[in-house]
Every structure is written in C-alpha cells, then in structure tokens.
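These are my notes from an afternoon of looking things up. I wrote each entry as I went along.

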Amino acid sequence: MTNPAEHAIAVDRLTKRYGSLLAVDGVSFTVRKGEVFSFLGPNGAGKTTTVEIIVTIRKPTSGSVRVLGMDVTKKKYGIVPRIGVLPQSFNSYDRLTVRETLQYYSRLFSCRNPDIDGLIDLVNLKDKAGEYYKNLSGGLRQRLGIAIALVNNPEVVFLDEPTTGLDPRARREVWDVLQGLKQKGKTVFLTTHYMEEAELLADTVAIISKGKLIAMGSPRELIESNANYLALTLQVADDTAFGALSKMGFAPVRTPPNTLTVRVKDANEVQKILASLKDAGTPLLGLDVRKPNLEEVFLKLTGEAPRESPAAERTTT
Amino acid sequence: MNLRVVGATLVVNILSFCREKTAMFFTLAFPVILILVFGTIFKDQDSLSFTLHVQDLDRTELSAQLIKSLTQTGRFTIVPVDPAVAAAQYAKSHKLNLVLIIPKNYDRSLTERMSLDDLAAFATLTYIYDPSSTSVDAKMQLLSAVFAEINQRMSGKPPFIRTEATSILAKKYRFIEFFIPGIIAMAVMTASLFGTVNLNTELRQKGVIRKLATTPITHSDWILSNILYQFILAVLCTVAMLAVSYAVFSVSLQLNAWLPLIIVLEVFAFAGIGMILTRFVKEAQSAAAAANAIMFPMMFLSGSFFPIEMMPGFLQTFARLLPLYYVNEALRAAMIFVDHGATLGYTAVIAGVAAGVFIVGVRVTRWEENT
C-alpha cells in the first residue's frame, strides 16, 4: 500500500451509467506520481469514459476520483491548471498556425512565460510552426496535441490513444516524445489499445474489459502471472494443420496470412506437434516459438483482440 | 470571469473569421450586395415612369396633343404603334402588358363637345391589356387619373373636392431609406444565429470543445467571448451596409445611440436562439437547416423587405410574435421617424426577448453531450 500523498490519481469504486448501459462498473486503482500508467482495453471497454471523468469533463454516477488530492466533481478549476490532456480524436482550430495554437492555449492557462519554442522543439514541429492546423498530417496533429497538453507544464499528463490512426513511423515519433516525458519525471496516464506501446512505455498497466478492471501490475508481472506457456506460430500452406492440431487437443488460432498460433506448455509439446505434422505429411513453411507478450495476456484476459480490425484502422502519415 | 481568456478566445475567433474567405463573404459582402441590388431596383420608385405603347387611329393634331399631354405628366414614355396592325396581336407578339388605342374620329368628337357643346359627343379610348401582368393595374390607374383630370379641365369648372398631403415625417424619405434598417436587422440576425450555430456545432463535432473543457476556460468566458465576436461582426456588417448606402444611394438616416443598443440586444437574442437550437440539434448540417427554417419565415414575415400591412390579417398578428419584427420597427423608429418613445417601446420588447432566450441558451448549453 502506497502513501496517499504519493498518488497522482486515486479512483475508488468508480461507476458511470448511461441509461441502461453500465460503461464503468466499480473501477478502483491508483497512479503513483512520476509513473507512466497505461490503461488498456478493447474498444468500448470504458477507457475513455474513465479518463474523461478523471480529467473533469464527465461526471461519475457514483464512486470517487481524486487528482492530486482534489475531488474531480468539486475542484475542476483547481485540477485543470495542473493537468494536461490530449483527448481522443484531438482537433484544434483549422485556421490557426501551430505557434498561434500553442500561444492560445498558453493564454487559456494564463502562463506567464510560456516556452512556446521549447514545446515546438520537443515535439519536433519547428519546420511546421507557421503551418495552419488544417494542413498538418495526422501524426503532426497528434504531436501538436501533445505539445498543447504540456503547455501549462502539468504535473499529470493524460494521453487518450495518442497514436491511434498513425502509421508506424509517426507512432514511433510520438513514442519518442512520450519517453522524453517519462525521463522528465511527469506522471503520464496513457490510454491505448496498442500493447507494444504499453509494454515499451508503461511502469504499470491496468486492463479494463466491459467496464471492469480485470488486471493491474507491471508488464512483466502481468506476463509472468498470466502467461506460463509458449506461443508457437506455424506458417502453413493449407488448412490441414488446423485439423491436425485440433485433433491433438490444442486450440489453434488462425492469424492471417496463413499462420496458426497455438499455446504450448513447453519445448516437448513443440517437438510433439512438429513430429505429428510431419507424420501426417502436412507441409510447413515456417515456424516461430517465443515467450508470450502483453498482447497475448490481454487476449487471454479479455477474450478480445486489443486492436481495431485492420479495415477499420486507417494509417496516416 | 477571466478577461485574458475571453480576449484570447475572441482573437482566435476573429483570426479564424478573417482567414475564411467564404464566411467573410456571406457575413460582410452578401448584405452589401443585397443593399446594392434592392437599392438599385427601388431607387426610382418614387418617380416611377412607364413605357406606354399608343396606337393613334385618328392621327390628327388633337390626338397628337393628347399623346403630348400624357408625355408631359412625366410618368410615361410613349412608343407609337403602327395604326395598320391589330393591337391585340401586336401586344401578344411584343409581350406588352398594355396598348392604348386612340379611336378614329377622336378629333371630330372632341370638336363636337368643345365647339358645339354636344354632351352626347364622347371618345372611347381602349386599353388592350394583359391581366396576368402584375404592373398593368398601376399603369391603367395612372392613365385613368390623367384622363380624369383632362375631363375635369374640359368641364371648365374648378374641382370641388381637392386633396392635400401632409407627411408625418420631418422630411421626405425614399423607399431605400425604409429598406436599409430592415436589411441591417436581417444581416445582424443571420450573422448572430448562423455564427452561433456554426461555431457551436462545428467545434463540438470536431472535438475542440472537449479539449477546451480540460482547460481553465469557463462556460461564461466562452459564451462572453462568442457574444463579443458576434457583436463585432454585427458592427462591421452594419458599418459596411451604412457606408455603401450613404456612398451609393446618398441616404439620409438618423444615426444615434439607439442603433448600437438595438444591435447588441439583437445579437444577444439571436445568439441565445442559436444556443438553444444547438443544444437540441447536434449535427452541424441539421443545425444549419434548422437555423434556416427559423430565419427565412422571419425574414419575410417580419417586415424586413416590405411592410407587414401588405400581408393578410392573421399573418400580421403572427409577425408581431416574431422578434425580428420588433428589431425592424425599433430601427425604423430610431433611424427614420426619430421617435424615441416608440423606439424605447420596441427596444424594451427586444431586451425582454433577448434576456429570456439568452438565459435559457446559457442554461441549456453543455460542453459535453452527456455529462
């Protein structure tokens, strides 16, 4: 149990109901000052609702939420100057430049000597400082959104899906910025459905599913306590391997293109599977055996894939 | 209330407006174009003159004199029609709404009446007319008035009933001067209602308002900055319209302290209606359609373009329920009649409406759809 004074955020039995839908169901957790806390969950799990309550833009149905020791329902204007928020699907004024946008938000926070150039440098937008927001690509917009979230030099930074919709390169650029925040000792509340993002950046991971908090701990703890198996990935030419593995009592999962993933206890089981497929004359194009990662833990705990379907996910440069 | 925050948001709105050419056009240029178009159309209404096609079948000195006296009224430009053509066919083929026929023997009948004092002698002038034309009645009435005067003069006795017109206004006003206050009221309504609806729905749909909700800006800071923004647009719009009216049409209107007061109240009233509207109609396009549905009937029914006395009784009663009617009347009372008592009465009604809808607007406006 940590000292409450060390808590940047304390959520206790939080519930949010929309009519008959229970979006958040008795969620409790704490976030220590200076840690990167990653909030994971499938789409519609209640992540954004929880974040929006914590950052004071929604009201809880019941339970309590304290940010930097203040109650979110009573001390909105005590909390907001000390936090920075990148909301989901962030947008800004189309016809303001990057610099003007940062200047505007710094005025909203009544910042005395805002370091606009420093922020522009931090998110690597120096070349785009005079560009209108509407002309920025998705990745640049997200970087500007992060800079806005930092304009008041906040103690706690909330980033709600900061890399959704970005291509791998743009995503890595955002990760670099987040790692910089971590080094500066900021408390970061990161909502994401990208497991590698959480695994790379987070000190603590909390997994929410169907409105309930189902697991919490460091990425290593979660993997060790929830995934005592190996993941065998087989690259196959046709579907015969699927039947063969099913007959052997395994539960293979088809993952395109032409691959099957199956959980095994140890190396002996891997050997057994390979021998059996060879005997059955099933052609094998390739294989990979590895320890499970956070994605597999997530899959196991929630029963759902963490990411949106490839069709729904758009990449933006 | 943080004035620094209000000022910063106001500057952002003004910068965005100045950088959006379409918005600038519809807010500033459109009402000016309306003034120019309608001003030109109605410029000569007070000295309206018609083109009159006349077929003189008599072709005598006396019939020529009759045509000359029509010309001398200054209301008709005469176009002669060949006596050999069929007048009705001529009117149809030339798309004319009226041809006047002076009959053969006009000269003889007139001589019999004047020289021989033969009361049985008379001349029948024929109107060949198109009843579907909207302006033909005015033309025929004018002609009949001219002929009645000729008949009266021929009787040799001074008229018994005479008329005298005394204007209730200090000076003679032209139609354009009545029209301008209506257009100002309409332009300010459009800017405030549409401005509020667009700003609220667009920023909400884009998620900008959700971001602003995580900053120290308060609800009242946001609303005050938007009202100031709408007021600045309304003032710019009014100044542009008045400048064009003075420069192009040399209008003579009273500019006094009532004008900014009425405009600021109108901005509050229509911004309030806009806020109420966007609370219940959330999509930008539907909200714009709803704003149009409110605006258009109001524009035509509340006397912006023509006096409401031209409408049927029940519509006149309905017009008196519309806030824009009171803005039109207040502006006309202030700028044309310079009747401070009447202006005060109308302004009080606008102030009441503005206070009511604005308070409701502020109360129903939410930054989040479901908090």
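Which residues line the largest cavity? I kept in mind that the model is predicted. The lining I found consists of B:Thr196, B:Leu199, B:Asn200, B:Trp222, B:Ile223, B:Asn226, B:Ile227, B:Gln230, B:Ala271, B:Met275 and B:Thr365. I then looked up which elements give two or more residues to this lining, and they are helix 7, helix 9 and helix 10 of chain B. Helix 9 of chain B has the largest share, with 5 residues. The space in the largest cavity comes to about 90 Å³. Searching the whole structure for cavities of 30 Å³ or more gives 4.

Entry on the largest pocket. I noted a space of about 940 Å³ for it. Its lining has 35 residues, and those nearest the centre are B:Ala23, B:Thr27, B:Phe194, B:Gly195 and B:Asn198. I listed the elements of chain B that each supply at least two lining residues: helix 1 (3–18), helix 2 (21–42), helix 7 (175–206), helix 9 (219–249) and helix 11 (284–301). Helix 7 of chain B supplies the largest share here, 11 residues.

Entry on aromatic pairs. I looked up the total over all chains, which is 22. One of them is A:Phe158 with A:Phe189, a tilted pair with 5.4 Å from centre to centre and 35° between the planes.

B:Phe268 belongs to helix 10 (residues 258–280) of chain B and B:Phe358 to helix 14 (residues 340–364) of chain B, 90 residues apart. B:Phe268 counts as partly exposed because its relative accessibility is 26%, whereas B:Phe358, at 15%, counts as buried.

Entry on charges over rings. The charged end of A:Arg141 sits over the ring of A:Tyr133, 4.5 Å from the ring centre. For A:Arg171 the ring is that of A:Tyr194, and the distance to its centre is 3.9 Å.

Entry on strands. In which sense do strand 1 and strand 2 of chain B pair? Strand 1 (residues 50–56) and strand 2 (residues 76–81) of chain B pair in the parallel sense, over 6 bridges. Between the two strands the chain passes through helix 3 (residues 61–72) of chain B, and this β-α-β crossover is right-handed. I found B:His53 opposite B:Val79 of strand 2 of chain B.

Last entry, on one loop residue. B:Lys95 is in the loop between helix 4 (87–93) and strand 3 (98–102) of chain B. Its relative accessible area is 75%, so I put B:Lys95 down as exposed. From its C-alpha atom to that of B:Val281, 186 residues away along the chain, the separation is 49 Å.

Terms used: Residues numbered from 1 in each chain as written. Chains lettered and ligands numbered in written order. Predicted model: local features only at pLDDT ≥ 70, side-chain atom pairs only at ≥ 80, totals over all residues. Heavy atoms only, no water. Pairing = 2+ DSSP bridges. Helix = DSSP H or I, 4+ residues; strand = E, 2+ residues; numbered from the N terminus. Right-handed = clockwise from strand over helix to strand, strands pointing away. Buried < 20%, exposed > 50% of the residue type's maximum accessible area, 1.4 Å probe, protein only. Phe/Tyr/Trp six-rings, centres within 6.5 Å; stacked < 30°, edge-to-face > 60°. Lys NZ or Arg CZ within 6 Å of the ring centre and 35° of its normal. 1 Å grid on protein atoms, 1.4 Å probe; cavity = no way out; pocket = protein on both sides within 12 Å on 5 of 7 lines; lining within 4 Å. Points joined across faces, edges and corners; volume = space filled by probe spheres on them.
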